[in-house]
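Notebook open. I want the overall make-up of this chain, then a look at two of its residues.

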Amino acid sequence: MAIKEKKRYLFPEDYMADPSVHVWDGKLFIYPSHDWESGIPEDDFGSHFDMKDYHVLSLEGPDPMTSPIKDWGNVLDKKDILWHGRQLWDCDVARKGGKYYMYFPMKDQTDIFRFGVAIADNPGGPFIPQPKPMNGSYSIDVCVLEDNGEYYFYFGGIWGGQLQRYRDNKALDTGSTFPADDEPAIPARVARLSSDMLEFAEAPRPVVVVDKDGKPLTSADPHRFFEASWVHKYNGKYYFSYSTGDKHHICYAIGDNPYGPFTYAGEILTPVVGWTTHHSIVEYNGKWWLFHHDSVPSGGRTWLRSLKVCELHYNPDGTIQTIEGLDD
Ligand code: FUB
């Protein structure tokens, strides 16, 4: 049973989506995708999500439901990225040694998604891109978890995110291949980052979500991974949350370490208005918050999304209460 939770549209001035949220030195920063009306027709590859820059937002007060939001402006532009093709999708930012590292997926000039890194001296940017994409990177939707001095890079998304084109970190000669319905679902990937934060320190590994009997969720399971990885820690456990894409839920699974496996634990958010659903979870001022998006303000145009926030509640056993995605 989903609970109704009061929500706030964070930034009605512009269309933004895919919020990655971090609290640094007591201040909350939001790293979203920046939607716009490109006029590109909708298709199954997501061509209509043709974003060309990133903005950073910050919360200028203690309460995500009421505090003013500051827009730091255009902090990274496609035209300044030497290898650019198209489509700047969901990014994330990590902090190490006083520098801020933005990781972003973008299609290169051969229309293959890679990840780039851009570096800033402060969390509000501007971010200066590296000249080349990360070695061995592929697909979309990044989340970076800092844990015990290491940084873990989670990524991947199927369909338009191209993850089905890879096995064992290599592009398939056969192009896209989806598992049969009773085979394990295509997993997200995770790799520890190098000490300079610019490359993978190891080959990416599968992020396996298993059921209560330890079996991987199958390709036909409505709760299988699709895109939008996010990892946070709660009471010493690792919570891997993600979008089920064409099933339109945000779900989560719980593990004992950053690599998993993660045991499926339930739904966090039921479907919202709009095809995509994407989120992050963060603790701020003693409460937990779910940042996400929907397409209500654009009248359901799924490529023009608006940022939202609401409180998130745990049960005493560490499970998360499911929130209703639609508002009255
Ligand atoms: O914003 C473009 C894509 O839509 C993201 O990468 C996906 O997670 C979905 O939200």
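**Charges.** I counted 32 positive and 48 negative side chains in the chain. The centres of the two sets lie 2 Å apart. Lys and Arg count as positive, Asp and Glu as negative, and His and the chain ends are left out. I placed each charge at NZ of Lys, CZ of Arg, CG of Asp or CD of Glu.

**Ground rules.** This is a predicted model: local features need pLDDT of at least 70, side-chain atom pairs count only at pLDDT 80 or more, and totals for chains, interfaces and linings use all residues. Residues are numbered from 1 along each chain as its sequence is written, and side-chain values use heavy atoms, with hydrogens and water left out.

**Fold and size.** I looked up the secondary structure and found zero helices and 23 strands. Helices (H or I, at least four residues) and strands (E, at least two) are DSSP runs, numbered from the N terminus. The radius of gyration is 18 Å, close to the 20 Å of the globule rule for 328 residues, so the chain is as compact as a globular protein of that length. That radius is taken over C-alpha atoms, and the rule is 2.2 Å times the number of residues to the power 0.38. The C-alpha trace spans about 50 × 45 × 45 Å along its principal axes.

**Burial.** Of the 328 residues, 58% count as buried (under 20% relative accessible area, 1.4 Å probe, protein chains only).

**S139.** I found S139 in the loop between β9 (128-129) and β10 (143-147). S139 counts as buried, at 0% relative accessibility. Its side chain reaches the backbone oxygen of G161 at 2.6 Å. A polar atom of the S139 side chain also lies 3.1 Å from the backbone nitrogen of G157. Leaving aside neighbours within four places in sequence, S139 is in contact (heavy atoms within 4.5 Å) with residues including P105, F113, R114 and F155.

**H55.** Next I checked H55, which lies in strand β4 (residues 53-59). H55 is buried, with a relative accessible area of 11%. What does its side chain join in a polar contact of 2.9 Å? The partner is the side chain of D71. A polar contact is a pair of N or O atoms within 3.5 Å; within protein, one must be able to donate a hydrogen and the other to accept it, and residues adjacent in sequence count only if both atoms are side-chain atoms. The backbone oxygen of G73 lies 3.5 Å from a polar atom of the H55 side chain. Not counting residues up to four places away in sequence, H55 touches M16, I30, P32 and H34, among others.

Methods:
Buried < 20%, exposed > 50% of the residue type's maximum accessible area, 1.4 Å probe, protein only.
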